[in-house]
Amino acid sequence: MLVACLILFFPVHAEDKPLRIALDHWPPYIDRSHPEYGIAAELVITALHRAGYKSSITLENWTGALEGTRLGVYDIIIAGWHTSKREELFKFSKPYLYNEIKFIKRKGKPITYDTFEDLRGLLIGVVENYAYSPEFDNSNLLIKIPNNHLIQNLSLLQQGKIDLTLDDKWVILHQIEKYLPSSAQKFEFLDKPLAVRGLHLLVSRQNPAHKEIISEFDKAIVQMKSDGSFDEIVRKYQRELVSD
């Protein structure tokens with residue numbers, strides 16, 4: 001559902017290219033409460049600005065962002081993981097950040113993970129329509145309990161109603177610190193990550209300029225890494241996370 005619309009106008013280098021961005025809430029990567037909307041949002045919007053694009057931002061939930069961008073209501077999703085199914089609908093940038101996807105359990109629970117066989121019979125909380133890894137998403141061996149938000153899964157985990165949940169490590173830590181701070185010591189990560197996923201910009205294939213947008217975005221990210229502005233943005237959020 002539409003929460004709010006915020007229009008950001010940037011000076012352009014060449015032609016006027018307004019892009020409609022669907023902004024989910026996935027802190028610390030996409031954070032509606034942050035002045036710059038989080039680390040992924042700031043990196044992407046800065047790169048698009050450098051490439052000469054104006055941007056209009058619509059606050060959406062993840063399912064609405066996917067569906068709206070698929071239909072061409074929006075042009076861009078700021079942050080997403082690659083799947084072959086999504087490749088049919090969206091043009092992907094090169095990865096500009098990487099996520100370490102890890103399982104988390106209640107401390108003291110005798111659960112270890114090396115293969116999916118170790119997780120047989122366990123209840124695993126997942127967020128609906130998220131693409132954790134192709135092997136995990138397609139596995140029929142695992143019992144996956146879908147919910148709309150990570151915090152729902154963390155709450156169920158805290159209550160002992162599920163055995164595991166998973167997400168990017170920093171996303172989980174942020175959610176626990178914000179919503180369950182008194183229970184922070186009651187959780188622990190499994191050692192082995194499920195996957196390390198590249199974080200991409202997604203452009204709707206309904207936009208006739210989707211190839212050009214991706215090409216110009218990728219070039220802008222390379223330039224930001226070269227001149228140090230990319231690392232400067234990343235370090236700013238790392239300091240915020242550590243201070244929290």
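Author: The following account takes up selected salt bridges in turn. The model is predicted, so that local features need pLDDT of at least 70 and side-chain atom pairs count only at pLDDT 80 or more, while totals for chains, interfaces and linings use all residues. Residues are numbered from 1 along each chain as its sequence is written, and side-chain values use heavy atoms, with hydrogens and water left out.

Nine salt bridges are counted, each a side-chain nitrogen of Lys or Arg within 4 Å of a carboxyl oxygen of Asp or Glu. One of them joins the side chains of Asp75 and Arg20, at 2.9 Å from N to O. Because Asp75 lies in the loop between α2 (62-71) and β4 (76-80) and Arg20 in strand β2 (residues 19-23), this pair ties together parts that are 55 residues apart in sequence. Helices (H or I, at least four residues) and strands (E, at least two) are DSSP runs, numbered from the N terminus. Asp75 is buried, at 4% relative accessible area, whereas Arg20 is partly exposed, at 35%. Here buried means under 20% relative accessible area, exposed over 50%, and partly exposed in between (1.4 Å probe, protein chains only).

Another salt bridge links Lys192 with Asp114, whose closest N and O atoms are 3.6 Å apart. Lys192 lies in the loop between β10 (187-189) and β11 (195-204) and Asp114 in the loop between β6 (97-106) and β7, so the pair ties together parts that are 78 residues apart in sequence. Lys192 is partly exposed, at 34%, and Asp114 is partly exposed, at 48%.

Glu117 and Arg120 also form a salt bridge, with 2.8 Å between the closest N and O atoms. Glu117 is partly exposed, at 45%, and Arg120 is partly exposed, at 48%.
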